[in-house]
Amino acid sequence: MLDFNVRGENIEVTEAIRDYVEKRIGKIEKYFEQGANPKAHVNLKVYQDKTAKVEVTIPLPYLVLRAEETSPDLYASVDLVTDKLERQLRKYKTKINRKSRETGYKGVEIPSGDIIENEEETSQFDIVRTKQVSLKPMGSEEAILQMDMLGHNFFIYEDAESGSVDIVYRRRDGRYGLIESAND
C-alpha cells in the first residue's frame with residue numbers, strides 16, 4: 001500500500017536496510033483508507049560522529065506527515081520515526097473524529113498546502129531554500145493541527161470563511177497566535 005522512496009546520504013542503502021525501513025514504517029498503513037497509495041520519502045543520513053538521522057515525509061491530499069529522528073543507531077532511528085508518525089496519525093484521527101462528532105458530519109476532510117521545495121543560493125540576500133505553498137481553505141484549528149503535524153513554528157493557510165491568507169504560529173509561551181490579512 002505504501003510506496004517507498006528510500007535514499008541514503010553517506011550510506012549505501014542495502015536490501016536489508018530497505019526491508020527494515022519498509023517493514024517498520026509499513027506499520028502505519030493501517031491508518032490509511034483502502035485505495036490510498038501514499039508515497040513515503042525516506043532519507044537516511046549517517047554523520048561523521050557515527051550518528052544516524054532518518055527523515056520521513058508522506059504527502060497526503062489532506063495532510064503532510066513528517067518526522068525525523070537522530071540516534072547512534074540507524075535501526076533505532078527508524079523505530080523512533082515510526083513511533084512518531086504513528087502518534088501523529090492517532091492525534092490527527094482523534095481530532096477529526098472529535099470534530100465530526102461535534103459538528104455531526106459523517107466524514108471530514110481537512111486539506112493542507114502542497115509544498116514544493118527548491119534549494120537555491122542567491123548571494124545578495126543568502127536565500128538558501130525557497131518553498132512554494134499551494135494554499136487550501138481551512139479553519140485556524142485545522143491549520144494549527146497541520147503545523148503541529150509538520151513540526152513547524154508557523155503555518156500559512158487560506159481561511160475557509162473569509163478567503164483571506166492567514167498565518168498561525170507557536171508563541172514562546174507554548175500557546176498559539178494568529179495573523180490575519182487585512183481585507184481592504
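**Close-up views of a predicted model**

**View 1. The largest nonpolar core.** The largest nonpolar core has 29 residues, and I25, I28, V42 and L85 have the most contacts inside it. A nonpolar core is a set of buried Ala, Val, Leu, Ile, Met, Phe, Trp, Tyr and Cys residues joined through side-chain atoms within 4.5 Å; buried means under 20% relative accessible area, exposed over 50%, and partly exposed in between (1.4 Å probe, protein chains only). At least two residues of this core come from each of β1 (3-9), α1, β2 (39-46), β3 (52-59), β4 (64-71), α2 and α3. Helix α2 gives the most, with seven residues. Helices (H or I, at least four residues) and strands (E, at least two) are DSSP runs, numbered from the N terminus. The model is predicted: local features need pLDDT of at least 70, side-chain atom pairs count only at pLDDT 80 or more, and totals for chains, interfaces and linings use all residues. Residues are numbered from 1 along each chain as its sequence is written, and side-chain values use heavy atoms, with hydrogens and water left out.

**View 2. The surroundings of V42.** Leaving aside neighbours within four places in sequence, V42 is in contact (heavy atoms within 4.5 Å) with F4, N5, V6, R7, V21, I25, V54, E55 and V56. A second, separate core of nine residues includes V64, M147, Y157 and V168.

**View 3. The aromatic pair.** A search of the whole structure finds one aromatic pair. The ring centres of Y20 and Y75 are 4.8 Å apart and the planes lie at 85 degrees, so the pair is edge-to-face. Rings of Phe, Tyr and Trp (its six-membered ring) pair if their centres lie within 6.5 Å; planes under 30 degrees apart count as stacked, over 60 as edge-to-face and the rest as tilted. Y20 belongs to helix α1 (residues 15-25) and Y75 to helix α2 (residues 74-103), so that the pair links distant parts of the chain, 55 residues apart. Y20 is partly exposed at 23% relative accessibility, and Y75 is partly exposed at 32%.

**View 4. Helix α3.** Eight of the 11 residues of helix α3 (residues 140-150) are buried, among them I144, L145 and M147. Just after α3, G151 takes a positive phi of about 75 degrees.

**View 5. The open sheet.** Four strands form an open sheet in the order β7-β8-β9-β10, with mixed pairing; two strands pair if DSSP finds at least two bridges between them. The edge strands, β7 (137-138) and β10 (176-179), each pair on one side only. Strand β9 (residues 165-170) runs antiparallel to β10 and is joined to β10 by four bridges. R170 has Y176 in β10 as its bridge partner.
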